[in-house]
Amino acid sequence: MGDRDSAWVHAYLHRKEGDIWNADYWYARAKKTRPAYSLEEEWANLVAYFTRF
C-alpha cells in the first residue's frame, strides 16, 4: 500500500525493530517526522487514529 497511513505504520515497525534510517524514510513518506516520545505512546496514537472511524 502506498498511502500515508500505511507508510506511518511501516515507519513505526522499522522504528520498533531499531532500523532508524529506514524508519525515517517511511516517516518522510507519511509526511511525518520520527516522534521524540516512546514507542508505547506512538502505538497508542496509531491505535487512536485507526479506531476513530
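Which residues make up the largest nonpolar core? The views below start from that point.

The structure is a predicted model, in which local features need pLDDT of at least 70 and side-chain atom pairs count only at pLDDT 80 or more, while totals for chains, interfaces and linings use all residues. Residues are numbered from 1 along each chain as its sequence is written, and side-chain values use heavy atoms, with hydrogens and water left out.

**View 1. The largest nonpolar core.** Nine residues make up this core: Ala 7, Trp 8, Ala 11, Tyr 12, Ala 23, Trp 26, Tyr 27, Ala 30 and Leu 46. Helix H1 (4-16) and helix H2 (20-29) each supply at least two of its residues. H1 gives the largest share, four residues. A nonpolar core here is a set of buried Ala, Val, Leu, Ile, Met, Phe, Trp, Tyr and Cys residues joined through side-chain atoms within 4.5 Å. Buried means under 20% relative accessible area, exposed means over 50%, and partly exposed lies in between (1.4 Å probe, protein chains only). Helices are DSSP runs (H or I, at least four residues), numbered from the N terminus. In soluble globular proteins, nonpolar side chains tend to be buried together.

**View 2. H1 against H2.** The axes of H1 and H2 come within 8 Å and cross at roughly 165°. Axes are lines fitted to C-alpha atoms, for helices over the stretch in contact, and angles run from 0 to 180 degrees between N-to-C directions. H1 and H2 are therefore roughly antiparallel to each other; angles over 145 degrees count as such, under 35 as roughly parallel, 65 to 115 as roughly perpendicular and the rest as oblique. Their crossing is left-handed, the near helix being turned anticlockwise from the far one by less than a right angle. From H1, the contact includes Arg 4, Ala 7, Trp 8 and His 10; these and other H1 residues meet H2 residues including Ile 20, Asn 22, Ala 23 and Trp 26. By class, the contact of H1 with H2 has eight nonpolar, three polar and three charged residues. Ala, Val, Leu, Ile, Met, Phe, Trp, Tyr, Cys and Pro count as nonpolar, Asp, Glu, Lys and Arg as charged, and the others, Gly among them, as polar.

**View 3. Ala 23 and Tyr 25.** Leaving aside neighbours within four places in sequence, Ala 23 is in contact with Ala 11, His 14 and Arg 15. Contact means heavy atoms within 4.5 Å. Tyr 25 is found in helix H2. Its relative accessible area is 38%, so Tyr 25 is partly exposed. Tyr 25 and Ala 11 are 14 residues apart in sequence and 7.5 Å apart in space, C-alpha to C-alpha.

**View 4. Arg 29 and its partners.** Arg 29 lies in helix H2. With a relative accessible area of 37%, Arg 29 is partly exposed. Apart from neighbours within four places in sequence, Arg 29 is in contact with Gly 2, Arg 4 and Ala 7. The C-alpha atoms of Arg 29 and Gly 2 are separated by 8.7 Å, and the two residues are 27 residues apart along the chain.

**View 5. H1 against H3.** The axes of H1 and H3 come within 11 Å and cross at roughly 160°. H1 and H3 are therefore roughly antiparallel to each other. This crossing is left-handed. H1 contributes residues including Asp 5, Trp 8 and Val 9, and H3 contributes residues including Leu 39, Glu 42 and Trp 43. By class, the contact of H1 with H3 has eight nonpolar, one polar and four charged residues.

View 6. Trp 43 lies in helix H3 (residues 39-50). Trp 43 is partly exposed, at 46% relative accessible area. Its C-alpha atom is 9.2 Å from that of Val 9, 34 residues apart along the chain. Lys 16 lies in helix H1 and is exposed, with a relative accessible area of 53%. Between Lys 16 and Glu 42, the C-alpha to C-alpha distance is 10 Å, with 26 residues apart in sequence.

**View 7. Lys 31 in the loop.** Lys 31 lies in the loop between H2 and H3. Although Lys 31 is not a glycine, its phi is positive, about 65°. Most residues other than glycine have a negative phi. Lys 31 counts as exposed, at 60% relative accessibility.
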